[in-house]
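Please look over the notes below with the model open.

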Amino acid sequence: MAVFWGVVLHAIGGFASGSFYLPYRNVKGWAWESYWLIGGLFSWLLAPFLLGSLTVPDLMGVLKQAPTDTLLWTYFWGVLWGFGGLTFGLAMRYLGLSLGMAVTLGLCAVFGTLVPPIYMGTIGQLASTVSGQFVLLGVAVCVLGIGICGLAGMMKEKHLTDEEKKAVITEFDIRKGLLVAIFSGVLSACFAFGQTAGQPIAELAVKHGTDPLFMNNATLVIILLGGLTTNAIWTIYLNIKNRTYTDYTNHSVPTWTNIFFCALAGFTWYFQFFFYGMGDSQMGAYRFSGWTLHMAFIIAFSSFWGLYLNEWKGANRPTIRTISLGIATVVLSTVIVGIGNYLAE
């Protein structure tokens, strides 16, 4: 039963992540770096400390008692993940929600799922069990689904004119977008490494009376501080370079409305890992496979939003069938991984 709820929680987290970028569409008159920074303050600083304090008794005491090397490694992976998160936003700008999420998170799923057991030397053991084979099969199916989604994007690129593509995605650029998405996908997987490195923090939180369901919220504080560091440095640099720091004091734009939508996007984004952490705590010995589930659910929900928002408007029927097949394949991968976890339990 624990595994079932783990999958459900991962699905809720995937919905939050697949939907978080939508509020940014309502921000008016601000450059990308301006709304990304304000949203980031909510998602990487305020939300982790607020939700962490509400769910982890004596949060600051837990962090003070955590081993220094654990804190540093967790923060380090957070900084590297921050590069992935930073370029993740750019991938959405150039490719749109559906294709951008598919390419970026597909790579993220593969690296984030397979590297931890490879690093820990347990990949051979996993491959020798029926449950482990199901999980690895699920990863492979997920990659296949990502490839199909990417193929649909290429078909769209060939079929539509530049004017038709940019009518929905203003800055659509397939080449630049794919390069950014690949870079983002590889480094975004560092979040999973941060979760692994920060397990001693989570275990210490439990010793302080934290419900095991919320134990990863303590680790999130450190990982996301690392991510905030990377994103804040870059966006502030862009604010200065592009003179967009005036966005925050420009009275001709709806400042407080913009802040509201940035806060909504930021908290929605944080909830992906809030629920991911809870789902992760329910996965048992096969918790590493939760990363694939998380990524797959995000791709499924973001692809739905991409279709709903007419990002594929004007595409021919073969292209629509291809992207639908890609989404269905990704969803199937979550079912296969879920079966693997069930067999393990």
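1. Helices (H or I, at least four residues) and strands (E, at least two) are DSSP runs, numbered from the N terminus. The model is predicted: local features need pLDDT of at least 70, side-chain atom pairs count only at pLDDT 80 or more, and totals for chains, interfaces and linings use all residues. Residues are numbered from 1 along each chain as its sequence is written, and side-chain values use heavy atoms, without hydrogens or water.

2. Helix α15 (residues 317-344) gives the most to a nonpolar patch: 4 residues. The patch is made of Val130, Leu332, Val335, Ile339 and Leu343, on the surface. Together they have about 410 Å² of accessible area (Shrake-Rupley method, 1.4 Å probe; for residues, only the protein chains shown count as cover). Patch residues have over 30% relative accessible area and no salt bridge; nonpolar side chains are joined within 5 Å, like charges within 9 Å. A salt bridge is a side-chain nitrogen of Lys or Arg within 4 Å of a carboxyl oxygen of Asp or Glu.

3. Leu343 sits in α15. Leu343 counts as partly exposed because its relative accessibility is 42% (buried is under 20%, exposed over 50%, partly exposed in between; 1.4 Å probe, protein chains only).

4. Now α11 (residues 199-207). Gln199, Ile201, Ala202, Leu204 and Ala205 are buried there. These buried residues pack against α3 (59-65), α4 (68-95), α10 (190-197) and α12 (216-241), with contact meaning heavy atoms within 4.5 Å. Gly209 follows α11, with a positive phi near 100 degrees.

5. Asn216 lies in α12. Asn216 counts as buried because its relative accessibility is 0%.
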